[in-house]
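Welcome! Please take a moment to look over the sequence and the 3D structure before reading on.

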Amino acid sequence: MAKTQLTKSELEGIVEYDYKGRENYLLMPNEMFEMLVKDEELNKKKAPHVAVAYTYVFLITWLYRYAKYGFMELENTTHKAILKMMGIAETNKEYNYIFKKGGVLDRLGITATHSFAKAPVRWFPDEYGDYGFPQFMLFEEWDNEIKKMLTGGTTLKRRQVKEPLLATGFRNPLNEEGVEEGDYVGTFYDNGKDCTHMVGMNAFIKCVTTKDLGINAFYILSFLRSRYGKNTDVSISLDTISAESGIKPSTRDFALKMLKAYHMLFCLPSNFCLERGEHKTESSTYSLVEVSREWNDKPIFNFPTRKVYHVTTHVDNVGG
């Protein structure tokens, strides 16, 4: 059986990752969760593919933002190679309906499929030196000699590239009526920082190169981060996590468990009341461990866990 999961060093080498620089940073749009969860085609499968769709968009957005198509080996820019980076077998066709030209992501306006001529091969800060406002050089704009050096004679006629439209173009993250195109710009730009979340490339690499984590863990981590708002944590119930992320309870529980075991997620758990009826309990509070050097190399299951009690043991002080 062919190996599907890369090691951390293998993945960092493939994407030419500058982990000491600014390449960990990437904003993602909060509204994408709702777009994916509400899509009937994406969620008609027995195991919803929302996590795969989100993680794919994260990766192609990162590749575009840092113009990796001009730095990576050409063989590592193919669709099959991108699947491999996610820990998915290169021969897997189960998710083609999501990624293909005109597929789910294109139909939703999250991505656009172009010829490789439109691939960003270099990026620069804007004329004022602002690195948060990138300008791109496309493959078609490169000198012919440089093109030949990059391709080595390989034909690119059928090679495609995905543009992350919510990063490069129009957004209406608050779903306001009457908003005209141009009122909001994508997450690559200053005006696009509203209604966004940042988990980072370090977290992506950790999740997709760790057997116990993977795509579902990365998706749950990103979902929780998107619910922070202006806070440093979020209080949210398990039922709400599943309802708003589209992830089934069994998958959700395992992902949360392993994220806590690898110390990528800290949880202050609320106790669970059996047969609680009208008795209300508080939601658990989650916060991301954002410094990668604080993550565990191996899972350690010494994190706080919730206590389960029956409603009859609850002492109501009202009336003594």
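This is a predicted model: local features need pLDDT of at least 70, side-chain atom pairs count only at pLDDT 80 or more; totals for chains, interfaces and linings use all residues.

The chain has 13 helices and eleven strands. Of its 320 residues, 47% are buried.

**The chain as a whole**

- Among the contacts with a separation of 6 or more, 68% are between residues 24 or more positions apart.
- A search of the whole structure turns up 22 aromatic pairs.

**How helix α11 packs with α10**

- Two packed helices are described by the angle between their axes and the distance between the axes.
- Helix α10 covers residues 201–208 and helix α11 covers residues 214–226; the two pack at an angle of about 150 degrees, and their axes are 8 Å apart.
- An angle over 145 degrees counts as roughly antiparallel, and α10 and α11 are therefore roughly antiparallel to each other.
- Their crossing is right-handed.
- On the α10 side the contact involves A203, F204, C207 and V208, while α11 brings G214, A217, F218 and L221.
- Sorted by class, the residues of this contact are seven nonpolar, one polar and no charged.

**How α11 packs with α12**

- Helix α12 spans residues 238–245, and α11 packs with α12 at an angle of about 105 degrees, with axes 11 Å apart.
- Angles of 65 to 115 degrees count as roughly perpendicular, and α11 and α12 are therefore roughly perpendicular to each other.
- Y219, I220, F223 and L224 of α11 meet I241, E244 and S245 of α12.
- The residues in the contact of α11 with α12 are five nonpolar, one polar and one charged.

**How α11 packs with α4**

- The angle between α4 and α11 is about 75 degrees, and their axes lie 9 Å apart.
- This makes α4 roughly perpendicular to α11.
- From α4, the contact uses V50, A51, V52, Y54, T55 and F58; from α11, it uses I215, N216, F218, Y219 and S222.

**Aromatic rings**

- Which residues do ring pairs link into a cluster? They are F33, Y54, F58, F204, F218, Y219 and F223.
- F139 and W142 are both buried.

- Is N76 buried or exposed? N76 has a relative accessible area of 14%, and buried means under 20%, so N76 is buried.
- N76 sits in the loop between α4 (50–65) and α5 (79–85).
- Setting aside residues up to four places away in sequence, N76 touches I14, A81 and M85.
- M35 belongs to helix α2, which runs over residues 31–37.
- With 25% relative accessibility, M35 counts as partly exposed.
- M35 and L108 are 73 residues apart along the chain, and their C-alpha atoms are separated by 7.5 Å.
- Neighbours within four places in sequence aside, M35 is in contact with L108, I110 and L166.

Notes. Residues are numbered from 1 along each chain as its sequence is written. Side-chain values use heavy atoms; hydrogens and water are left out. Axes are lines fitted to C-alpha atoms, for helices over the stretch in contact, and angles run from 0 to 180 degrees between N-to-C directions. Helices (H or I, at least four residues) and strands (E, at least two) are DSSP runs, numbered from the N terminus. Angles under 35 degrees count as roughly parallel, over 145 as roughly antiparallel, 65 to 115 as roughly perpendicular and the rest as oblique. A crossing is left-handed if the near helix is turned anticlockwise from the far one by less than a right angle, and right-handed if clockwise. Contact means heavy atoms within 4.5 Å. Ala, Val, Leu, Ile, Met, Phe, Trp, Tyr, Cys and Pro count as nonpolar, Asp, Glu, Lys and Arg as charged, and the others, Gly among them, as polar. Buried means under 20% relative accessible area, exposed over 50%, partly exposed in between (1.4 Å probe, protein chains only). Rings of Phe, Tyr and Trp (its six-membered ring) pair if their centres lie within 6.5 Å; planes under 30 degrees apart count as stacked, over 60 as edge-to-face and the rest as tilted.
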